[in-house]
Amino acid sequence: MRGKVLPLLAASALALGVAACGGGDSADDAGNTGTSDLSGELTASGASFPDAYYQVAIEAYAEVAPEVVINYNSTGSGTGKKEFGEGLTDFAGTDSLVGDDDPVEPGSFLYVPTVAAPITVSYNLPGVEGLQLGQETLAQIFQGDIETWNDPAIAEANPDAELPDTPITIAHRSDGSGTTTNFTKFLDEATESWELGSGDVVEWPSDSQGGEKNTGVASIIQQTEGAIGYVDLADATGSELVFAAVENADGEFVMPSIAGTTAGLEGAEVAEDLSYNPLNAAGADAYPITAPTYILVRTSYEDPQTAELVKAFLTWLLTDGQALAEDEFFAPLPDSLAEQALAQLDKIQS
């Protein structure tokens with residue numbers, strides 16, 4: 001974690017004093033943020049992980065600011081950072097931090113946290129539900145050390161399951177992905193077995209299958225008996241996938257859920273740049289593969305109107321827009337982090 005860290009639930013000294021950080025209940029509330037007289041267009045791209053939430057939020061925002069058009073293209077975090085760094089977009093979505101290989105100039109951007117969500121471990125094994133997977137077992141499966149579903153390591157945690165000798169097919173992202181970063185970062189930090197490292201792209205076993213975006217991975221799992229992959233909760237639910245319960249830091253097997261995500265957020269720490277790591281957080285109820293997501297904004301925009309539109313949309317997203325998160329299978333930010341994110345917007349210059 002880079003920079004000074006602050007407790008996630010610590011109070012934030014904000015002059016804004018925004019009481020609606022927990023989310024408003026109606027478009028009328030959102031209309032009070034002074035957006036109805038704005039007009040213009042914003043272009044953005046990036047993470048597919050939060051796309052379901054962003055699309056619903058953008059649609060709701062259109063009722064509040066009908067003269068503002070926002071185009072968010074779900075390309076994956078890697079492409080989103082690339083297009084943002086090349087000046088092709090006004091903001092970008094990313095689930096991973098900007099790295100040395102990303103074409104984004106240090107000091108030219110700010111992280112704005114928006115929501116968080118679980119990354120499911122979804123699988124296709126007819127007749128087997130309620131599967132429990134330990135952390136070390138999960139690492140060995142995804143790097144190809146465990147090759148069949150009746151392996152003793154899987155059977156030990158699932159004594160009542162009738163596990164077949166079906167070969168395991170690993171499904172992963174083929175594009176640069178923050179979901180991949182968070183999933184592999186979890187395995188890298190939580191286990192001793194994991195040897196593939198972490199990042200937007202890793203070198204998966206040669207017999208694995210890659211799909212673009214979370215929907216691509218979900219499609220492989222749907223179509224392949226014996227497949228296992230990592231997919232955000234919204235897309236996994238929409239694709240009617242079956243999830244495994246994953247062992248957390250306290251040794252409990254926890255299913256992916258908003259409650260488990262919120263429990264994971266409670267133990268996270270926030271860096272000075274507002275990046276944070278809720279992976280494998282302590283707590284019996286915490287889901288261990290809880291991932292943050294961010295909007296990248298510029299520290300300075302040449303066009304004052306663009307700066308105004310970006311700040312207005314994100315202010316709404318961090319206040320009234322938070323109320324939309326849970327229905328789309330995302331956890332809203334804790335109030336203190338939402339307040340810190342709002343303060344981040346004050347740093348944008350034009």
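Helix axes here are lines fitted to C-alpha atoms over the stretch in contact, and the angle between two helices is taken between their N-to-C directions. All the views below come from a predicted model.

**View 1. Helix α2 packs against helix α10.** Here we zoom in on α2 (residues 51-64) and α10 (residues 304-318), whose axes lie 11 Å apart at an angle of about 110°. Angles of 65 to 115 degrees count as roughly perpendicular, so that is the label for α2 and α10. The crossing of α2 past α10 is right-handed. On the α2 side, the contact uses Y53, Y54, A57, I58, A60, Y61 and V64, while α10 brings A312, F313, W316 and L317. Sort the residues of this α2 and α10 contact by class and you get eleven nonpolar ones, with no polar and no charged residues.

**View 2. L187 sits buried in helix α6.** Now for a single side chain: L187 belongs to α6, which covers residues 178-190. Its relative accessible area is 0%, so L187 is buried. Leaving aside residues up to four places away in sequence, L187 touches Q135, L138, A139, F142 and W194. For a sense of scale, the C-alpha atom of L187 is 17 Å from that of A117, a residue 70 places away along the chain.

**View 3. Three strands form an open sheet.** The strand order is β6-β11-β12, and the pairing is mixed. β6 (132-133) and β12 (253-254) are the edge strands, each pairing on one side only. β11 (residues 245-247) runs antiparallel to β12, and two bridges link the pair. Look for V246, whose bridge partner in β12 is V254.

Key
Residues numbered from 1 in each chain as written. Predicted model: local features only at pLDDT ≥ 70, side-chain atom pairs only at ≥ 80, totals over all residues. Heavy atoms only, no water. Helix = DSSP H or I, 4+ residues; strand = E, 2+ residues; numbered from the N terminus. Buried < 20%, exposed > 50% of the residue type's maximum accessible area, 1.4 Å probe, protein only. Contact = heavy atoms within 4.5 Å. Axes fitted to C-alpha atoms, helices over the stretch in contact; angles between N-to-C directions. Parallel < 35°, antiparallel > 145°, perpendicular 65-115°, else oblique. Left-handed = near helix turned anticlockwise from the far one by under 90°. Nonpolar A, V, L, I, M, F, W, Y, C, P; charged D, E, K, R; others polar. Pairing = 2+ DSSP bridges.
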